Amino acid sequence: MTTPRMQLVLSENWTMTAGRADLPTVVRWAREAEDAGFDSVMISEHIVLGPDAGAGGVMGNPRDYALPGNQDPHTPWPNSLMLLSAIAAVTERLRLAASAVIAPLRHPLLLARELGTLDLLSEGRLMVLPNVSWSRDEYAALGVPFSRRGKLLDEHLEIWAKLWGPSPVSHESEYYTFRDVYFEPKAYHPDGPRLCFGGAGMHDAMVRRIVQYGHAFNPLGKVTSEEIQTLKAAMAAAGRDIADLEMIGSTRAVFPDDDSCADLAQALEPIPEQMAQGFTTFCIKPSQFTDDPNGVGAFCREVIRRVQSLTA
């Protein structure tokens with residue numbers, strides 16, 4: 001069995017470090033992950049949070065993943081692209097996953113400029129997961145209609161594809177209109193940064209975006225064999241092979257109580273089953289397993305050792 005690639009989740013580790021004063025610590029963790037043999041790091045984003053962030057009740061264990069409606073609105077969310085730029089500057093091969101980039105909250109020209117520059121800076125190491133997110137309060141604060149978020153994302157993707165091609169570029173629609181813009185420099189890859197799509201459920205819009213633009217698939221939670229077959233059939237109908245997609249799976253942290261870390265061995269157990277489905281890369285968040293900000297390097301080395309043993 002091939003040893004999978006591991007991705008270190010650098011968002012939401014606030015039980016180990018503060019969101020305001022300790023961002024250089026997060027950058028150091030990325031360098032330590034690279035040294036330990038990790039393939040990539042992931043950073044997600046919100047621009048602002050509102051009361052709906054905790055509408056469903058705050059998570060019991062603060063080490064758990066932030067989900068829609070389960071987090072304190074005071075939760076820190078530093079700018080993901082700036083943090084990834086800092087990480088790019090101190091690493092050489094580590095891939096940079098900008099996860100949950102809420103595209104509809106920006107203008108597509110501005111976001112394409114930011115993404116293209118980071119892709120150039122990192123020499124093609126950037127992977128972007130553009131999505132629409134879930135917070136109505138966040139959309140309201142930025143003056144963007146929540147009900148149009150899916151259509152806005154689709155326009156971003158269409159405009160980005162144009163921008164990676166020859167200048168000048170024009171576009172006209174209900175949402176974004178511009179004529180004869182020159183977009184230079186381009187991204188590192190001729191077709192732009194690597195694009196990943198994912199989220200909860202295998203809905204039609206996600207499948208369409210993966211088939212048309214995707215280089216990777218990162219679902220939220222467990223994927224059924226039927227959903228995998230749906231994606232495989234859609235890819236084949238478009239003349240694409242699902243084997244060309246990077247399939248990004250997850251580990252499973254189970255907390256014994258609200259004050260303790262999860263057991264690493266138990267969290268890694270689902271990896272072989274997911275690999276049998278075609279998943280090759282797996283996410284893991286360090287604060288779910290350690291409270292020591294100086295122990296991330298050792299944690300990463302232990303993950304690699306255990307995963308190699310598990311898949312030997």
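Is Arg148 buried, exposed or partly exposed? Arg148 is partly exposed, at a relative accessible area of 35%. Buried means under 20% relative accessible area, exposed means over 50%, and partly exposed lies in between (1.4 Å probe, protein chains only).

The model is predicted: local features need pLDDT of at least 70, side-chain atom pairs count only at pLDDT 80 or more, and totals for chains, interfaces and linings use all residues. Residues are numbered from 1 along each chain as its sequence is written, and side-chain values use heavy atoms, with hydrogens and water left out.

**View 1. Glu174 and Arg148 form a salt bridge.** Their closest N and O atoms are 3.7 Å apart. A salt bridge is a side-chain nitrogen of Lys or Arg within 4 Å of a carboxyl oxygen of Asp or Glu. Glu174 sits in the loop between β5 and β6, and Arg148 in the loop between α4 (136-141) and α5, so the pair ties together parts 26 residues apart in sequence. Helices (H or I, at least four residues) and strands (E, at least two) are DSSP runs, numbered from the N terminus. Glu174 is exposed, at 61% relative accessible area.

**View 2. Asp291 and Arg63 form a salt bridge.** The closest N and O atoms are 3.1 Å apart. The pair links distant parts of the chain, 228 residues apart. Asp291 is in the loop between β10 (281-284) and α10 (296-310). Arg63 is in the loop between β2 and α2. Asp291 is partly exposed, at 38% relative accessibility. Arg63 is buried, at 8%.

View 3. Arg305 is partly exposed, with a relative accessible area of 46%. Glu302 is also partly exposed, at 24%. Elsewhere, salt bridges that share partners join Arg5, Asp39, Arg95 and Glu246 into one network. The structure holds 16 salt bridges.

**View 4. Helix α5 covers residues 149-163.** It has 15 residues and reaches 21 Å from its first C-alpha to its last. That is close to the expected 21 Å at 1.5 Å a residue; the expected span is 1.5 Å times one less than the number of residues. Buried residues of α5 include Leu152, His156 and Trp160. The buried residues pack against elements including α3 (108-121), β4 (126-131) and α6 (204-213).

**View 5. Ile87 belongs to the largest nonpolar core.** A nonpolar core is a set of buried Ala, Val, Leu, Ile, Met, Phe, Trp, Tyr and Cys residues joined through side-chain atoms within 4.5 Å. The largest has 80 residues. Leu8, Val41, Ile87 and Ile284 touch the most other members. A second, separate core of nine residues includes Val9, Ala97, Leu129 and Ile248.

**View 6. Glu12 lies in the loop between β1 (5-9) and α1 (23-36).** Glu12 is buried, with a relative accessible area of 10%. Not counting residues up to four places away in sequence, Glu12 touches residues including Asp64, Trp77 and Lys285. Contact means heavy atoms within 4.5 Å.
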